[in-house]
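Biologist: I have a model open and want to learn how to read it. Can you take me through it feature by feature?
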Amino acid sequence: MRHLFVASAALALVCGSAVPAEGAAYYSQSIAARLLAAHNAERARVGVAPLRWDPVLAAAAASYGPMLARLGRLQHSPRTNRPGQRENLWMGTRGAFSPEQMVGNWISERAYYRPGTFPYVSRTGRWDDVAHYTQVVWAGTTHVGCAVYPTARWDYLICRYSPPGNIEGRRMV
């Protein structure tokens with residue numbers, strides 16, 4: 001199995017099957033395919049065209065991993081650092097979750113979703129209760145790229161989307 005390891009913004013192709021050491025963001029063809037399939041299964045369920053994998057977005061996602069590791073919590077990167085992109089973040093115990101479970105956490109927000117005009121798309125009245133989900137299924141988004149950044153304790157999943165979704169005043173399905 002071939003793994004792409006991403007350290008900072010530099011890419012290096014390495015052969016092997018081991019998960020990289022702490023502090024090396026990674027994605028493999030297998031993990032990329034599983035993350036993409038998890039996104040596209042939900043998009044198909046709601047009748048939205050599938051996303052395509054974008055390695056440039058994946059590299060951009062990976063480059064944010066070190067910052068999350070330093071913070072030790074989730075915090076979105078500044079939008080000025082990712083023009084034309086939106087970002088979904090997830091964090092969980094290292095090695096405990098599959099790619100499908102990671103993306104499934106965002107998809108579970110569907111329970112609070114109601115069709116409407118963004119940001120008025122949540123049954124709770126809080127758009128941020130469904131914002132990961134709405135980005136996953138945003139009809140105008142065509143590309144995604146993700147990376148997993150492991151630390152001693154956590155796995156961080158960073159996904160970048162283009163064109164960006166969650167645009168105020170736009171109608172959702």
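Biologist: How many disulfides does a search of the whole structure find?

Modeller: One. Keep in mind that this is a predicted model. The disulfide joins Cys146 to Cys159, with an S to S distance of 2.1 Å. A pair counts as a disulfide when the cysteine sulfur atoms lie within 2.5 Å.

Biologist: Where do Cys146 and Cys159 sit in the chain?

Modeller: Cys146 is in strand β6, residues 143-150. Cys159 is in strand β7, residues 154-162.

Biologist: Is the link of Cys146 and Cys159 right-handed or left-handed?

Modeller: Right-handed, with 110° about the S-S bond.

Biologist: And are Cys146 and Cys159 buried or exposed?

Modeller: Both Cys146 and Cys159 are buried.

Biologist: Now the wider view. How many helices and strands does the protein have?

Modeller: Five helices and seven strands. Along the sequence, the pattern runs β-β-β-α-β-α-α-β-α-α-β-β. The protein has 173 residues, and 46% of them are buried.

Biologist: What share of the contacts comes from residues 24 or more positions apart?

Modeller: Take the contacts with a separation of 6 or more. Residues 24 or more positions apart account for 64% of those.

Biologist: Let me try a single residue. Where does Ser77 lie?

Modeller: In the loop between α3 (65-71) and β5 (86-93).

Biologist: Why is Ser77 called buried?

Modeller: Check its relative accessible area. Buried means under 20%. Ser77 has 5%, so Ser77 is buried.

Biologist: Which residues is Ser77 in contact with, leaving aside neighbours within four places in sequence?

Modeller: Tyr64, Arg82, Glu87 and Arg160.

Biologist: Next, helix packing. At what angle do the axes of α1 and α4 cross?

Modeller: Roughly 30°. The axes of helix α1 (residues 29-45) and helix α4 (residues 99-107) come within 9 Å.

Biologist: Why are α1 and α4 described as roughly parallel?

Modeller: Angles under 35 degrees count as roughly parallel. The axes cross at roughly 30°. Therefore α1 and α4 are roughly parallel to each other. Their crossing is right-handed.

Biologist: Which residues make the contact of α1 and α4?

Modeller: From α1, Ile31, Arg34, Leu35, Ala38, His39 and Glu42. From α4, Pro99, Glu100, Val103, Trp106 and Ile107.

Biologist: What is the makeup of that contact of α1 with α4 by class?

Modeller: Seven nonpolar residues, one polar and three charged.

Note on methods
Residues numbered from 1 in each chain as written. Predicted model: local features only at pLDDT ≥ 70, side-chain atom pairs only at ≥ 80, totals over all residues. Heavy atoms only, no water. Helix = DSSP H or I, 4+ residues; strand = E, 2+ residues; numbered from the N terminus. Buried < 20%, exposed > 50% of the residue type's maximum accessible area, 1.4 Å probe, protein only. Contact = heavy atoms within 4.5 Å. Axes fitted to C-alpha atoms, helices over the stretch in contact; angles between N-to-C directions. Parallel < 35°, antiparallel > 145°, perpendicular 65-115°, else oblique. Left-handed = near helix turned anticlockwise from the far one by under 90°. Nonpolar A, V, L, I, M, F, W, Y, C, P; charged D, E, K, R; others polar.
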